[in-house]
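Welcome! Have a look at the structure first, then follow along.

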There are 2 protein chains.
Amino acid sequence: MSLPRVLAALSDPTRIGIVRVLADGRERGWGQLRAPVAKSTLSHHLKILREAGITRTRQEGTRCYVTLRRAELDERFPDLTRALLAAADAEDVGEVTADES
Amino acid sequence: MSLPRVLAALSDPTRIGIVRVLADGRERGWGQLRAPVAKSTLSHHLKILREAGITRTRQEGTRCYVTLRRAELDERFPDLTRALLAAADAEDVGEVTADES
DNA sequence: CCGAATGTTCGAAGAATGTGGAACCCCGGA
DNA sequence: TCCGGGGTTCCACATTCTTCGAACATTCGG
């Protein structure tokens with residue numbers, strides 16, 4: 001979990017969008033993630049986020065659920081996540097939404 | 001000056017290093033920037049930073065001087081620069097230093 | 001057991017990135 | 001006027017990224 005890695009992961013609008021959806025701390029199944037990309041592409045983006053240490057993925061049966069690792073991020077990079085999310089909200093970055101569970 | 005652009009610019013260790021050197025607000029001639037890259041590569045990195053809106057370049061005769069656009073960054077992305085610089089310092093990202101003028 | 005749903009992985013194409021060398025431009029000094 | 005230092009631009013190369021479709025693995029439901 002290094003800073004350049006995290007920034008690279010977040011430099012893609014789709015991935016910032018995913019993080020924005022997860023910002024409220026709730027866990028989401030990624031069938032609920034509505035992103036304008038193919039299934040394999042979404043899988044790829046989630047992998048980048050996971051390997052950068054930004055998200056955690058939990059498997060349950062055939063489904064996967066993803067959460068933001070907010071506590072770890074805040075410990076390692078104090079205040080960065082908050083500032084980043086605020087900036088992303090201000091610019092409305094990403095076209096990812098989530099279905100209500 | 002968009003968030004993904006800024007994050008992409010800062011996802012390279014060399015460029016974070018440059019920003020760290022400029023963090024004190026002082027203007028630097030980029031003959032003073034000691035980065036372990038070729039001249040054309042440094043020029044490239046400075047261009048990325050400039051076009052992302054992170055730095056400003058001033059030309060004086062044959063030399064160029066660069067400053068961090070801290071005020072503009074803070075206005076657009078409140079607190080982001082501070083959090084980013086703190087994280088970069090904590091990890092000691094980048095191998096760029098500056099000669100004393 | 002078979003089929004549908006859900007992710008992952010693989011292969012590929014196209015674009016972007018980081019890097020350095022060589023040539024070029026511009027200005028200042030001798 | 002010529003030379004040299006300082007930057008930029010152009011080209012080339014290797015690497016990485018983004019994207020998708022197709023094939024595969026796994027698990028649940030009927």
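**Exercise 1.** In this predicted model, find out what Arg56(B) forms with Glu72(B), and which parts of the chain the pair ties together.

*Solution.* Start with the distance: the closest N and O atoms of Arg56(B) and Glu72(B) are 3.1 Å apart. A salt bridge needs such atoms within 4 Å, so the two residues form one.

**Exercise 2.** Work out how Arg70(B) and Asp74(B) are placed in helix H4 of chain B.

*Solution.* Arg70(B) and Asp74(B) form a salt bridge, with their closest N and O atoms 3.4 Å apart. They are 4 residues apart in helix H4, so about one helical turn separates them. Arg70(B) is partly exposed at 29% relative accessibility, and Asp74(B) is partly exposed at 31%.

**Exercise 3.** Find the parts of chain B that Arg20(B) and Asp89(B) tie together.

*Solution.* The side chains of Arg20(B) and Asp89(B) meet in a salt bridge of 2.9 Å, N to O. Arg20(B) belongs to helix H2 (residues 13-22) and Asp89(B) to helix H5 (residues 80-91), so the pair ties together parts 69 residues apart in sequence.

**Exercise 4.** How many salt bridges does the structure hold over all chains?

*Solution.* The total is 26. A network of salt bridges links Asp79(A), Arg82(A), Asp79(B) and Arg82(B).

Conventions. Residues numbered from 1 in each chain as written. Chains lettered and ligands numbered in written order. Predicted model: local features only at pLDDT ≥ 70, side-chain atom pairs only at ≥ 80, totals over all residues. Heavy atoms only, no water. Helix = DSSP H or I, 4+ residues; strand = E, 2+ residues; numbered from the N terminus. Buried < 20%, exposed > 50% of the residue type's maximum accessible area, 1.4 Å probe, protein only.
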